[in-house]
Amino acid sequence: MKRKDFVKSMVLGGLAATGIVGCRPKPETAGTTPSVQTKKKYRWKMVTTWPPGFPVLGEGCEMLAQWVKEMSGGRMEIKVYGGGELVPALEAFETVSEGSAQMGSGCPYYWSGKIPAAPFFATVPFGMNAQQMNSWIFCGGGYELWKKAYADFNLVPFAGGNTGVQMGGWYNKEINTIEDFKGLKIRMPGIGGKVMEKVGASAILVAGGELYTSLERGVIDATEWIGPYHDHRMGFHKIAKHYYTPGWHEPGTNMEFFVNKTKLDSLPLDLQVIIETACTRVNQWMLLEFEAKNRIYYKKLVEEHHVDVRVFNKDILAKLKVATTEVLEDMVSESPEAKKIYAAYRKYQSEINGWSDISERQYFTSLNI
Ligand code: CA
């Protein structure tokens with residue numbers, strides 16, 4: 001065996017052994033494309049769904065561009081555009097699919113109009129948390145399903161960060177029974193919003209920039225956003241009475257990078273691996289940054305702003321869970337593909353919950369003894 005082939009087989013063997021091989025963009029090309037022998041420079045555009053300079057989510061995109069430039073020795077540069085700077089935020093998917101930009105950043109549930117199963121690659125109410133989602137995507141078969149779902153759009157997805165468990169939202173009235181949702185005007189997008197409708201609330205669509213005034217003026221009675229760091233920046237603590245937990249509707253939202261497959265395949269192998277590696281690094285950084293910042297801002301909200309933190313009671317959560325199952329089953333009923341992905345997601349969740357229950361839950365319980 002030549003040294004080059006030996007190194008290649010060691011690398012691929014090592015990746016296969018750790019299970020990472022499943023998320024390589026195109027492992028079968030390994031060794032067939034010249035890597036660092038070329039001086040050719042690549043300049044890519046990344047269109048994102050985040051407002052320009054958006055903390056953590058937008059920052060992650062800038063960091064990816066920086067890391068790709070550094071890892072490639074300057075051969076590859078990616079210019080990052082905030083939502084609306086090059087194309088409107090929610091046109092990022094189509095723009096990259098058509099190849100007008102080479103890559104994008106968003107959240108899979110934005111594309112559920114095109115891919116009914118897309119929310120399973122982001123988050124669903126009472127679904128998996130960040131650790132479980134990463135485990136499913138990287139090592140549990142989730143990535144293969146995700147890749148297949150995006151292949152029809154000539155896109156390759158990569159996990160691109162996770163918010164961790166979000167907060168349940170800001171409310172101006174107490175929620176003591178499921179009846180208290182009746183008639184409530186709440187900003188909660190996506191599947192969570194559908195669950196709210198099911199229990200009698202009105203899910204109202206409000207753009208991020210108008211949320212504060214909508215809540216302040218009573219256009220809405222409640223809103224969810226992300227977690228303490230971003231919620232503090234929005235200033236909701238100044239105008240809402242109660243801050244509820246847990247964020248049952250978004251237990252660990254997985255972000256994404258998506259790359260035009262033709263453009264990705266046309267890169268030398270080392271640059272393909274560099275992009276994948278940078279995405280994975282952002283994926284890790286983002287969750288850790290969310291946790292680090294939420295720790296500080298949760299404390300600030302409670303200690304400096306005396307925010308009234310409430311926990312949804314068991315009866316409310318049990319009823320929301322029943323409504324969620326109805327909504328999810330309805331959502332996948334029209335699409336065999338979505339049904340298949342829902343089944344795979346649920347199977348993995350049920351298996352990993354068996355383990356999380358006797359590991360994480362028992363450990364956290366022991367801390368409170
Ligand atoms: Ca949210």
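Which residues lie nearest the centre of the second largest pocket? They are Leu90, Tyr109, Tyr110, Arg187 and Pro189, out of 39 lining residues.

## Basis of the model

The model is predicted: local features need pLDDT of at least 70, side-chain atom pairs count only at pLDDT 80 or more, and totals for chains, interfaces and linings use all residues. Residues are numbered from 1 along each chain as its sequence is written, and side-chain values use heavy atoms, with hydrogens and water left out.

## The second largest pocket

A pocket is an open set of points on a 1 Å grid over the protein atoms alone, where a 1.4 Å probe fits and protein lies on both sides within 12 Å along at least five of seven lines; lining residues have an atom within 4 Å of a point. The second largest pocket holds about 1100 Å³ of space, a volume being the space filled by probe spheres set on the points, which are joined across faces, edges and corners.

Helix H6 (residues 190-198) gives the most to this lining, with four residues. Helices (H or I, at least four residues) and strands (E, at least two) are DSSP runs, numbered from the N terminus. The lining has 22 nonpolar, 13 polar and four charged residues. Here Ala, Val, Leu, Ile, Met, Phe, Trp, Tyr, Cys and Pro count as nonpolar, Asp, Glu, Lys and Arg as charged, and the others, Gly among them, as polar.

## The largest pocket

The largest pocket has a volume of about 1500 Å³. Its lining consists of 39 residues, and Asn129, Gln132, Val165, Pro251 and Arg361 are the closest to its centre.

At least two lining residues come from each of helix H4 (130-139), helix H10 (269-303), helix H11 (314-332) and helix H12 (336-367). H12 gives the most, with 12 residues. By type, the lining of the largest pocket has 15 nonpolar, 18 polar and six charged residues.

## Helix packing around H12

H4 and H12 pack at an angle of about 130°, with their axes 10 Å apart. Axes are lines fitted to C-alpha atoms, for helices over the stretch in contact, and angles run from 0 to 180 degrees between N-to-C directions. The two helices, H4 and H12, are therefore oblique to each other, a term for angles that are not under 35 degrees (roughly parallel), over 145 (roughly antiparallel) or 65 to 115 (roughly perpendicular). On the H4 side, Gln131, Gln132, Met133, Ser135 and Trp136 meet Ala344, Tyr345, Tyr348, Ile352, Asn353, Ser356 and Glu360 of H12; contact means heavy atoms within 4.5 Å. These residues divide into six nonpolar, five polar and one charged.

The axes of H11 and H12 come within 8 Å and cross at roughly 140°. Thr325, Leu328, Glu329 and Val332 of H11 make this contact with Ala338, Lys339, Tyr342 and Arg346 of H12.

## Backbone details

The peptide bond from Thr245 to Pro246 is cis, with omega near 0°. Pro246 is in the loop between strand E9 (242-245) and strand E10 (254-260).
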